Amino acid sequence: MRDVDVLVIGSGPGGQKAAIAAAKLGRRVAMVERGDMIGGVSANTGTIPSKTLREAVVYLTGLSQRELYGQSYRLKDDITVADLTARTEHVISREVDVVRGQLARNGVRLHAGTARFTDPHTVHVSGERGRDFSITADNIVIAAGSRPARPATVEFDDLTIIDSDGILKLDRVPRSMVVVGAGVIGIEYASMFAALGTKVTVVERRSRMLDFCDLEVVEALKYHLRDLAVTFRFSEAVAAVEKHPKGAIAVLESGKTIAADTVMYSAGRQGMGDALALEAAGLSADDRGRITVDDNFRTTVPHIYAVGDIIGFPALAATAMEQGRLAAHHACGQPLGPISALQPIGIYTIPEISYVGRTEDELTDQRVPFEVGVSRYRELARGQIIGDTHGMLKILVSSEDRKLLGVHVFGTGATELLHIGQSVMGCGGTVDYLVEAVFNYPTLAESYKVAALDATNKMRHIASLRD
């Protein structure tokens, strides 16, 4: 008889939900996590601290109130790193306590240490204070997460040349910053520091940023960031970074040079598969440390599962939670249906972007006929009240059966507002539901009705011309 029924490696969103789901099914569950990383990367260096930092930036800079009180309005003139990290540390501490409490209430035994396989059913734990031991398990869920990818040619020092983890270790708000990479993490931090008054330059090898998002929404964000003095260098790449006592110089492949106090690399994430001795379990990881799984999150070894960042895209906390739950149920012989195809994407820039479903470009490429309905925050009473006049909500409606094909939101509360559209899509609802629904007034949710009326009026006009 093995020590436990289910062993989970990692306590981030995916591992936490996998462990609790297995415990709810009556299984003996254990978890291995480093003592200083309870809650995983998400709680300690990733999702929770970055989103808390964003909230602190928006509040202290008074950015969201400038439409009402003038562009010079600030809640605090001299914002320090201590101002920002005080809130971050408080939230991290509370979140770690919540995770510990949930695991304890569900009888999940937490082992502090780092894990590596010694055979397909056994994990060696290098415990704290030199206490090493092994755990055997019938089923294993790998939720070891990821770390920022660091190009080998770059000399990181966590002061002048940093990655996204190094943001939380800065001793001051830099006057200028080069962000290398215009992916989700790079653009989120670029918008935060631009709001703080840092002169930000974004360098991106591709010709545009966030190319998986709606083009109109991305253009709106780009316009807003340029208004905050962000400079974009698209179709450019950093060839080298020169570190100097008073800052750094980024040298681009085109020959351009950019001086800055800090250079932040946002080169994607590296899965932690290379730290687990996977070969001892009969597994392997690709060059980005990621493990391949099937639709049930099962690896090539039938009793070993993997979820979260370590399996790659979409590498979001929200999807990792559901992956962990589904993997645990499958491992316990009580499989559930497949993960929903309607996965919401939330990007915590300032302002936020969020979407679900397909984009206009995707629908056009697939030759799917659709109509567009748009609502702008400046036309809503709530938008005027909160001082957000640049936000917008766009719905894409099938011209054939009137169902929603995509919802795209830019502005205050976008990541919350999106879920109304997601629910309508998930239930197979049509645009007519939004037209007929009564929304509280004044709210941003009312934007769904305005956008729905915009789309149906266009469809009605086309129909009337054909009669």
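An open sheet of 3 strands has the order β11-β12-β13 and antiparallel pairing, where two strands count as paired if DSSP finds at least two bridges between them. Helices (H or I, at least four residues) and strands (E, at least two) are DSSP runs numbered from the N terminus. This is a predicted model, in which local features need pLDDT of at least 70 and side-chain atom pairs count only at pLDDT 80 or more, while totals for chains, interfaces and linings use all residues. Residues are numbered from 1 along each chain as its sequence is written, and side-chain values use heavy atoms, with hydrogens and water left out.

- The edge strands are β11 (238-244) and β13 (257-260), each of which pairs on one side only, and the twist from one strand to the next averages 20°, with axes taken as lines fitted to C-alpha atoms (for helices over the stretch in contact) and angles running from 0 to 180 degrees between N-to-C directions.
- Strand β11 pairs with strand β12 (residues 247-252) in the antiparallel sense over 6 bridges, and K243 stands opposite A248 in β12.

**The sheet of 5 strands**

- Another open sheet is formed by 5 strands in the order β17-β18-β21-β20-β19, and its pairing is antiparallel.
- Strands β17 (345-347) and β19 (370-376) stand at the edges with a single partner strand each, so one side of each has no neighbour in the sheet.
- From one strand to the next, the twist in this sheet averages 10°.
- Strand β20 (residues 392-398) and strand β21 (residues 404-410) run antiparallel and are joined by 6 bridges, with L396 opposite G406 in β21.
- Helix α7 (residues 215-227) packs on this sheet, touching β18 (353-357), β19, β20 and β21, and its direction makes about 0° with that of β21; contact here means heavy atoms within 4.5 Å.

**Helices α1 and α5**

- The axes of helix α1 (residues 13-24) and helix α5 (residues 81-105) come within 9 Å and cross at roughly 20°, which makes α1 roughly parallel to α5 (angles under 35 degrees count as roughly parallel, over 145 as roughly antiparallel, 65 to 115 as roughly perpendicular and the rest as oblique).
- Where the two helices meet, Q16, A19 and I20 in α1 touch V99, Q102 and L103 in α5.
- By class, this contact of α1 with α5 has 4 nonpolar, 2 polar and no charged residues, where Ala, Val, Leu, Ile, Met, Phe, Trp, Tyr, Cys and Pro count as nonpolar, Asp, Glu, Lys and Arg as charged, and the others, Gly among them, as polar.

**Aromatic pairs**

- Rings of Phe, Tyr and Trp (its six-membered ring) pair if their centres lie within 6.5 Å, and planes under 30 degrees apart count as stacked, over 60 as edge-to-face and the rest as tilted; by this rule the count comes to 4 aromatic pairs.
- The rings of F156 and Y265 have centres 5.6 Å apart and planes at 70°, so this pair is edge-to-face.
- Because F156 lies in the loop between β6 (146-148) and β7 (161-162) and Y265 in strand β14 (residues 262-265), the pair ties together parts that are 109 residues apart in sequence.

**Backbone details**

- Most residues other than glycine have a negative phi, and most peptide bonds are trans.
- The peptide bond from F313 to P314 is cis, with omega near 5°, and P314 has its place in the loop between β16 (304-306) and α8 (317-331).
- A cis peptide bond also joins I350 and P351, with omega about 0°, and P351 is found in the loop between β17 and β18.
- L210 is not a glycine, yet has a positive phi of about 45°, and L210 is found in the loop between β9 (199-204) and α7.
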